[in-house]
Amino acid sequence: MSENVVHLHMNTDPPADPAPVTTLTVVPDASPARPVPLWVRSGRAVKTAVTHERTRAAARAAARHTSYTFNGGRIVARRAWDGRTGSRYERMIRAAEAAGNNELAEEWEERLQRFRDARHRRRMDLLHSPMEAAKGVAVGAGMSVGVLVGLGVILAISSGQATDVITPLSATIDFIALLIRIVQVVWGPALTIGPFLALLALWAVGRKQQAAPQWALPASVRSGEGEPITPSIVVKALRDLGIAPLKNAIKEMGDAGASMLGPITIAGCGVEVDVTLPSGVATDEVQKRRRKLAENLTRHEHEVFITIPQAARTVRLWIADSGALDEPIGPSPLVTDETMTADYKKGKAPWGQDLRGDAATLSLYQRHLLVTGLSNQGKTAALRALALWLALDRSVQFWIADLKGIGDWAMFDGIAQVLIEGPSDDHVIQATEMVEDAVEEMNRRIEERRRDPSIVFAPLIVVVDEAQLAFMCPVVGDDKRPYGGAKATSRYFMAVRKVHNQGRAVDVLMWQGTQDPTDQNLPKLVREGAHTRASLVLGTESQARMALGDKAVDGGAAPHLLRQGLDKGTLVVASDGITIPAGQASITVRTHFIDDEPAAEIASRAKALRDGVTTLRVVDQGEERDALADVAGVIGDEARLRTNEVLKRLHALDPKVYGDQWTNDRLKALLEEHGEEPKKSHGVMVVHRDHVLRALANRDTDGSASAS
């Protein structure tokens with residue numbers, strides 16, 4: 001490397017400025033650059049030539065065509081050997097025995113015995129055929145000569161020339177001599193060209209079978225993008241999984257490895273096939289190698305699903321068409337069909353599509369619901385879609401606590417009797433007391449059912465979205481009991497447990513949505529109390545087991561293998577309320593996404609079906625309350641309401657103002673103060689709407705008169 005020399009010159013001449021001036025001059029070094037050694041330059045040139053794409057393409061082409069010829073010879077030799085011997089039948093017998101199918105093995109053994117008998121007869125016939133063949137040749141030659149001589153006699157009689165008798169025979173001899181000369185001319189070149197033609201034939205056989213290493217195949221074939229699934233491809237993919245017993249069993253089966261496979265059937269946007277594994281191979285060994293199996297099938301990991309059917313030693317593979325799962329599934333029927341209604345008891349909510357492209361519908365009748373998954377993966381949208389459908393049944397009541405508080409459930413204002421929106425501890429307290437009120441309502445219904453078993457209650461759906469905030473709430477109440485936690489002292493935990501235990505019998509149902517489940521933010525007793533458990537993408541298998549249960553995950557459910565962000569809205573569902581293929585413990589559903597605007601339109605249709613619902617909303621805790629106006633507000637459009645129901649709604653409206661100190665006596669005193677009081681109706685104390693409105697009017701009139 002050349003170096004630069006830096007010289008410093010001090011200018012000593014007296015300048016105009018008395019301060020000296022220092023100048024910096026850079027003088028390049030005149031020494032020549034050091035030459036690169038020949039061996040280094042040669043090595044670089046060789047490396048460039050060897051690693052060049054053209055060189056690598058040429059090497060792949062040479063290896064590919066050589067493999068075509070060599071492996072083509074192996075294929076032809078194998079076919080010839082199979083045709084001459086009973087090895088094909090023996091392979092089929094070994095394959096049937098490996099699959100445990102003794103009846104099929106006996107059938108192939110009978111075929112092998114028939115083949116051997118026929119071959120023995122042919123060989124015995126060959127022992128007697130030479131003499132008979134010689135006799136046949138002699139007789140044939142004599143007859144041919146006789147025919148030619150007879151033809152010559154006829155020709156001689158016709159022409160009057162005696163020499164024409166041998167003309168046909170002479171012409172035949174000349175023709176045979178011509179054929180011999182042609183063979184003599186062609187034989188030499190044929191001996192030279194023949195081997196090349198044979199190699200070309202073997203190459204054609206190998207090329208047709210793609211009998212070359214994967215790395216040597218052309219790029220279009222090597223990628224296998226969108227390659228159709230065939231039995232041979234599935235068998236090769238299983239063989240190359242790295243499971244030694246499976247590989248050895250397939251090797252013993254030879255080409256009959258496809259006998260492990262059931263029929264490959266079209267299933268929606270993919271195909272489905274059952275694989276009966278040989279003895280010594282467990283189903284979970286295949287499950288653990290899902291990614292490798294998918295890549296062997298030229299698919300991405302998310303395009304291959306492995307489930308365990310009821311048959312022993314069997315795995316069920318569903319293999320999607322390449323790229324099919326990245327296509328949208330279309331709008332929800334709730335959006336496209338404005339005449340759609342719901343039936344809580346007999347109907348099913350249109351939730352999305354399964355992997356086969358069939359409609360996935362879910363029954364919500366008397367089923368507690370849990371939807372979980374990572375943040376921002378579509379949990380609220382999936383839960384809200386079910387609530388929007390059920391809102392089209394006018395008999396269903398909703399109490400909703402949205403602990404995210406960004407307006408995802410705002411369209412239920414006018415549908416839900418209670419709507420709490422906000423992420424603060426105060427909102428969590430409101431949600432907890434709402435669930436406790438649901439427990440009281442459940443107990444009231446149970447008591448009424450005991451008195452009258454024929455009574456039918458309106459379904460009450462208690463929804464808590466972002467329920468992990470409730471479990472993690474650190475606030476402790478005045479009674480020293482924490483609102484959050486997973487102990488018996490936790491108010492939210494115990495309220496949910498009570499609803500799970502007995503609410504189903506009287507149609508008080510708990511729906512929860514929570515993210516990133518752990519034992520702290522989703523206790524075991526709560527998650528196992530849900531009849532329908534659904535999970536979006538999760539981070540780990542342990543979280544998947546928390547969300548769906550061990551049975552579903554052991555049966556192939558794998559929400560932790562979904563792609564975060566790319567599989568948004570895709571749920572793995574374990575429930576008896578949805579149609580699950582026989583033998584499976586779960587089903588994967590791609591849910592319809594209903595945006596806020598169409599959700600509001602669906603909610604408007606639901607409101608039109610109802611007589612009018614006054615939604616109780618949480619207000620700021622410091623706001624002063626007008627008790628009489630609040631009583632009128634909670635009664636809404638109803639003609640009369642039981643006093644305990646009025647107190648309950650007041651409590652939901654503002655628990656801190658209308659807490660335990662608000663009793664029937666205090667409500668009665670409030671109304672009597674304004675000239676009204678509760679009355680009895682059929683033996684039950686009720687508050688009449690007209691009486692409350694009259695008290696309000698009288699109060700406002702009195703206030704105006706006093707002011708004047």
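This is a short tour of a predicted model, stop by stop.

Before selecting anything, note that residues are numbered from 1 along each chain as its sequence is written. Local features need pLDDT of at least 70, side-chain atom pairs count only at pLDDT 80 or more, totals for chains, interfaces and linings use all residues, and side-chain values use heavy atoms, with hydrogens and water left out.

**Whole protein.** Show everything as a cartoon. The protein has 23 helices and 20 strands; helices (H or I, at least four residues) and strands (E, at least two) are DSSP runs, numbered from the N terminus. Of the 708 residues, 42% are buried. Buried means under 20% relative accessible area, exposed over 50%, and partly exposed in between (1.4 Å probe, protein chains only).

**Helix α5.** Select residues 167–208, which are helix α5, and find Leu 179 in it. Leu 179 is partly exposed, at 41% relative accessible area.

**A four-stranded sheet.** Go next to an open sheet with antiparallel pairing and the order β3-β4-β6-β5. Strands β3 (265–267) and β5 (304–307) are at the edges with a single partner strand each, so one side of each has no neighbour in the sheet. Two strands pair if DSSP finds at least two bridges between them. Select residues 314–320 for β6, which runs antiparallel to β5 and is joined to β5 by four bridges. Val 304 has Ile 319 in β6 as its bridge partner.

**Strand β13.** Finish at residues 508–515. Seven of the eight residues of β13 are buried, so this strand is largely enclosed by the rest of the structure. β13 pairs in the parallel sense with β9 (residues 369–373) over five bridges, and in the parallel sense with β12 (residues 460–465) over six bridges. Select Gln 512 in β13: Leu 370 stands opposite Gln 512, and Val 464 also stands opposite Gln 512.
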